[in-house]
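Please find below a colleague's note on the model under review. It is arranged as numbered points, to be read alongside the sequence and coordinates.

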Amino acid sequence: MKKKQNSSPTDKIDPICGMKGTIPAHGHYFCSTHCIKKYEEQHNLSSIESCPACTIPAKKWYKERLYIILIILLITLIITLHLQSTLQYMTQILTPLHILF
Ligand SMILES: [Zn+2]
């Protein structure tokens with residue numbers, strides 16, 4: 001049996017120490033988690049264990065939700081006002097038609 005080699009060996013080289021990498025992470029192959037942590041430190045990437053970037057978008061989403069709620073409230077107010085005016089308009093049109101037929 002022959003082993004299939006789809007990717008070239010240069011693709012699986014640890015960018016930190018230059019050794020053969022076996023652990024895929026951040027589009028590279030690393031020999032150990034120590035090298036992954038070093039790579040994350042060099043490229044300002046956050047690891048899975050401590051994710052400060054994960055909490056920032058959550059706070060942003062909360063702020064956006066408040067805006068969305070305010071927009072929805074405004075839209076509902078506009079719709080209700082518009083519906084009242086359209087209903088009045090409709091009754092104004094429909095009443096003479098009702099008399100005719
Ligand atoms: Zn390494």
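The points below go from the overall make-up of the chain to individual residues.

1. Basis of the note. This is a predicted model, in which local features need pLDDT of at least 70 and side-chain atom pairs count only at pLDDT 80 or more, while totals for chains, interfaces and linings use all residues. Residues are numbered from 1 along each chain as its sequence is written.

2. Secondary structure. The protein has 2 helices and 2 strands, and from the N terminus on these elements follow the order β-β-α-α. Helices (H or I, at least four residues) and strands (E, at least two) are taken as DSSP runs and numbered from the N terminus.

3. Of the 101 residues of the protein, 6% count as buried, where buried requires 20 or more other C-beta atoms within 10 Å of the residue's own, exposed 12 or fewer, and partly exposed a count in between, with C-beta atoms placed from the backbone. Among contacts with a separation of 6 or more, 2% are accounted for by residues 24 or more positions apart; two residues are in contact if their C-beta atoms, placed from the backbone, lie within 7 Å.

4. The loop between the strands. H26 lies in the loop between β1 (23–25) and β2 (28–30), and its phi is near 55 degrees, a positive value in a residue other than glycine. H26 counts as exposed because it has 12 C-beta neighbours inside 10 Å. G27 is found in the loop between β1 and β2 as well, and G27 is exposed, with 7 other C-beta atoms within 10 Å. The C-alpha atoms of G27 and D11 are 9.7 Å apart in space, with the two residues 16 apart in sequence.

5. The loop between the helices. N44, placed between α1 (33–42) and α2 (52–100), is not a glycine, yet it has a positive phi of about 55 degrees. N44 is classed as exposed because 7 other C-beta atoms lie within 10 Å.

6. Which residues does I16 contact, leaving aside its neighbours within four places in sequence? I16, which sits in the segment before β1, is in contact with F30, C35, K38 and Y39. The C-alpha atoms of I16 and K38 are separated by 7.3 Å, although the residues are 22 apart along the chain. I16 counts as partly exposed because it has 19 C-beta neighbours inside 10 Å.

7. H34 lies in helix α1 and is exposed, with 11 other C-beta atoms within 10 Å.
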